[in-house]
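This briefing is meant for someone looking at the structure for the first time. Please keep the sequence and the 3D view at hand while reading.

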Amino acid sequence: MMTDAWSLYDRMIDRIPEDVLVRSVVMGAHHCLVEAECGAGVAALHRGGVRLRLERGWAGRPLRELAACAKSWDFEVASVGVAALNAWHNQRERIGELSLVTDAGSTDPFVFLAPAARRMAAERGDGSRPRTVVVGHFPHLAAIAEHADVTVLERSARADTDLPDTACEYLLPGADLAVMTGMALANKTMPRLLALARDALTCVVGPSATICAAVQEAGADLVAGSVVADAALAREVVSCGAALYGSGALEHVLVATPRGRAALASPGGGGDGAHAQAAGELLD
């Protein structure tokens, strides 16, 4: 467990070579895109925090400097910083250094986590249900809720059953399964959330998720993120404010620690055919 909250950010930033340069930055209505010499990365645009605004003229400057914006307290600026992190880390050649899951029935966590929750319930043997805490309001939680008691934490509640995100201090310790949006990196809550969920099977999800060893070592057993498969299409989609999911611009990938892989390897853990067609957009 990391004791310095900034260490997660610093480790990801420090891995980026100083000589890799930014080519372009695009901020749309819902997402941002950073293109660099090493590839492209996306992140959801998180609003809030102080109002500093991103400075101009990033083309030709070091990607590492832009990635350092992930530490900004202007969450829009931080979102661009996360996209810059993803431009380096979320590339096939670097993901290959991790344990890439290629045999799962789906890379959608709300498909592959349902069988894991089912196994947790079966292993209890007393009829009780495992506790699942989801940070961020995602669709299609019903597959997990069939086997677990699900609580959603949301800063801006979208349903009467949502609890405020401050409830994380009370609910994540002792949870059996924790799912959190990759946006938690931009708003600075991820280090604490991962620490609180250290005893749970923990999954970081969505296009903002940075796929790297530092996130795994901070406590993420599973990271379900994205690689930009078509940068030109991603640029068009982000500029138009359209949905990235389903656009063909992203390739969804999944990496796992040994603990995460063990959960996927449980009976039926690679994906649940009954819910595969019901899985939908990851709202990140």
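The model is predicted. Strand β2 covers residues 31-36 and is largely enclosed by the rest of the structure, because 6 of its 6 residues are buried. A search of the whole structure finds 3 aromatic pairs. The largest nonpolar core has 60 residues, and a second, separate core has 26 residues.

- Strand β1, residues 22-27, pairs with β2 in the antiparallel sense over 5 bridges. Within this pairing, valine 25 stands opposite valine 34 in β2.
- Histidine 31 stands opposite alanine 44 in β3.
- Between β2 and β3 lies a hairpin with 2 residues between the strands.

- Of the 5 residues of β4, 4 are buried, and the strand is mostly covered.
- β4 and strand β5, residues 149-153, run parallel and are joined by 5 bridges. Threonine 132 stands opposite valine 150 in β5.
- β4 and strand β6, residues 177-181, also run parallel, joined by 4 bridges. Valine 135 stands opposite methionine 180 in β6.

**Helix α1**

- At the start of α1, a side-chain oxygen of aspartate 4 comes to within 3.1 Å of the backbone nitrogen of tryptophan 6.
- The buried residues of α1 are Ser7, Leu8, Tyr9, Met12 and Ile13.
- These buried residues pack against α2, α3, α8 (190-196) and α9.

**Nonpolar cores**

- In the largest nonpolar core, Leu8 and Leu63 touch the most other members. Helix α3 gives the largest share of this core, with 9 residues.

**Aromatic rings and charges over rings**

- A pair of aromatic rings is described by the distance of the centres and the angle of the planes.
- Among the 3 aromatic pairs of the whole structure, tryptophan 6 and tryptophan 73 form one that is edge-to-face, at 6.0 Å centre to centre and 75 degrees between the planes.
- Tryptophan 6 lies in helix α1 (residues 5-14) and tryptophan 73 in the loop between α2 (63-67) and α3 (75-89), so this pair ties together parts that are 67 residues apart in sequence.
- Tryptophan 6 counts as partly exposed because its relative accessibility is 29%. Tryptophan 73 is partly exposed too, with a relative accessible area of 45%.
- Phenylalanine 110 and phenylalanine 138 form a tilted pair, 5.2 Å centre to centre and 40 degrees between the planes.
- This pair links distant parts of the chain, 28 residues apart: phenylalanine 110 is in helix α5 (residues 109-124), and phenylalanine 138 is in the loop between β4 (131-135) and α6 (142-145). Both phenylalanine 110 and phenylalanine 138 are buried.
- Trp6, Tyr9 and Trp73 are linked into a cluster by ring pairs.
- The charged end of lysine 71 sits over the ring of tryptophan 6, 5.0 Å from its centre.
- The charged end of arginine 94 sits over the ring of tryptophan 88, 3.5 Å from its centre.

**Threonine 210**

- Threonine 210 is placed in the loop between β7 (201-205) and α9 (213-217).
- Threonine 210 counts as buried because its relative accessibility is 4%, and the cut-off for buried is under 20%.
- The side chains of threonine 210 and asparagine 86 are joined by a polar contact of 2.7 Å.
- Not counting residues up to four places away in sequence, threonine 210 touches Met12, Val82, Leu85, Asn86, His89, Asn90, Leu185, Val215 and Val223.

Note on methods:
Residues numbered from 1 in each chain as written. Predicted model: local features only at pLDDT ≥ 70, side-chain atom pairs only at ≥ 80, totals over all residues. Heavy atoms only, no water. Buried < 20%, exposed > 50% of the residue type's maximum accessible area, 1.4 Å probe, protein only. Polar contact = N/O pair within 3.5 Å; in protein donor to acceptor, adjacent residues only side chain to side chain. Contact = heavy atoms within 4.5 Å. Phe/Tyr/Trp six-rings, centres within 6.5 Å; stacked < 30°, edge-to-face > 60°. Lys NZ or Arg CZ within 6 Å of the ring centre and 35° of its normal. Pairing = 2+ DSSP bridges. Core = buried A, V, L, I, M, F, W, Y, C linked by side-chain atoms within 4.5 Å.
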